[in-house]
Amino acid sequence: MTESSRITARNGVRADARRNRERVLVAARTVFAERGIDAPMAAVARRAGVGVATLYRHFPTRDALVRAAFAQQMETCARALTEALAVPDPWHGFQHLVETVCGLQREERGFPAAFLAAFPDSRPDQARSRERAEGDFAILVRRAQASGALRADFRPSDLAMVLLAHGGLVTALPGDSATSRRLVAYLLQSFRADAARRPLPPPAAPTLSGLLATAETPEG
């Protein structure tokens with residue numbers, strides 16, 4: 001075999017591997033939307049048309065597969081938080097963040113569980129990312145409250161409550177974007193300081209990750 005033939009062969013293997021990986025990710029998003037992120041890995045392999053060994057070669061654990069399948073959505077969430085902090089009006093930044101994350105929940109049915117499952121991760125790199133996101137969101141909340149727009153008794157953990165409630169709605173009513181947007185609008189209006197008529201009960205958890213940790217997490 002000539003050198004050029006060997007290079008072509010290697011490139012062909014790499015191209016096949018990339019295609020297999022992409023097929024697995026597409027299949028994973030579909031299966032997780034239909035059956036939840038605890039669906040059998042074998043079901044994802046069957047949907048992708050690859051062997052289970054091939055799936056595990058690319059993604060050795062369920063956690064790795066879930067994160068890869070929804071990596072783009074996770075990046076969008078992170079970018080939305082950065083953009084929200086940069087908006088001069090903190091209420092508009094807060095609203096942008098909530099609408100963006102809920103929009104992702106609406107558009108990708110498997111994403112809500114994946115998003116919630118990402119927060120309790122104990123790995124150092126993920127823990128740092130989680131802590132940074134929590135800190136940045138707390139800054140956004142304080143700014144919006146200081147501006148007089150966000151009610152004073154809103155707590156960062158309330159965002160998790162919103163995501164859990166909205167995630168349940170989009171799971172129960174897939175494709176019903178009108179109802180989803182209506183719920184988000186209701187919730188945002190209830191967060192306004194001028195809508196606060198009486199104090200809320202105490203928050204369910206002191207931190208965002210504390211409440212999110214009650215959600216089901218993917219297993220390896």
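This is a predicted model: local features need pLDDT of at least 70, side-chain atom pairs count only at pLDDT 80 or more; totals for chains, interfaces and linings use all residues.
Q: Which residues of α9 are buried?
A: Ser157, Asp158, Leu159, Ala160, Val162, Leu163, His166, Gly167, Leu169 and Val170 are. Here buried means under 20% relative accessible area.

Q: What makes the count of disulfides in the whole structure come to zero?
A: A disulfide needs two cysteine sulfur atoms within 2.5 Å. For cysteine 77, the closest cysteine sulfur belongs to cysteine 102 and lies 9.7 Å away, so that's too far for a bond. Go from the other end and the closest partner of cysteine 102 is cysteine 77, again at 9.7 Å and too far. The search of the whole structure accordingly finds zero disulfides.

Q: Why are cysteine 77 and cysteine 102 called buried?
A: The cut-off is under 20% relative accessible area. Cysteine 77 comes in at 8%, so it counts as buried. Cysteine 102 has 1%, so it counts as buried too.

Q: Why are α5 and α6 called roughly antiparallel?
A: Helix α5 (residues 71–86) and helix α6 (residues 90–107) pack at about 170 degrees, with axes 8 Å apart. Angles over 145 degrees count as roughly antiparallel, and therefore the pair gets that label.

Q: Which residues of α5 and α6 meet?
A: From α5 it's Gln73, Thr76, Cys77, Ala80, Leu81, Glu83 and Ala84; on the α6 side they meet Gly93, His96, Leu97, Thr100, Val101 and Leu104.

Q: Where is arginine 62, and why is it called buried?
A: You'll find arginine 62 in helix α4 (residues 62–69). Its relative accessible area is 13%, and the limit for buried is under 20%, so arginine 62 is buried.

Q: How far is the C-alpha atom of arginine 62 from that of isoleucine 37?
A: The two are separated by 8.4 Å, though they're 25 residues apart along the chain.

Q: What does the secondary structure of the protein come to?
A: Eleven helices and zero strands. Reading from the N terminus, the elements go α-α-α-α-α-α-α-α-α-α-α.

Q: How much of the protein counts as buried, and what share of its contacts join residues at least 24 apart?
A: Of its 220 residues, 41% count as buried. Among contacts between residues at least 6 apart in sequence, 71% join residues at least 24 apart. As for the accessible surface, it comes to about 11900 Å², and 55% of that belongs to carbon and sulfur atoms.

Conventions
Residues are numbered from 1 along each chain as its sequence is written. Side-chain values use heavy atoms; hydrogens and water are left out. Buried means under 20% relative accessible area, exposed over 50%, partly exposed in between (1.4 Å probe, protein chains only). Helices (H or I, at least four residues) and strands (E, at least two) are DSSP runs, numbered from the N terminus. Contact means heavy atoms within 4.5 Å. Accessible areas come from the Shrake-Rupley method with a 1.4 Å probe; for residues, only the protein chains shown count as cover. Axes are lines fitted to C-alpha atoms, for helices over the stretch in contact, and angles run from 0 to 180 degrees between N-to-C directions. Angles under 35 degrees count as roughly parallel, over 145 as roughly antiparallel, 65 to 115 as roughly perpendicular and the rest as oblique.
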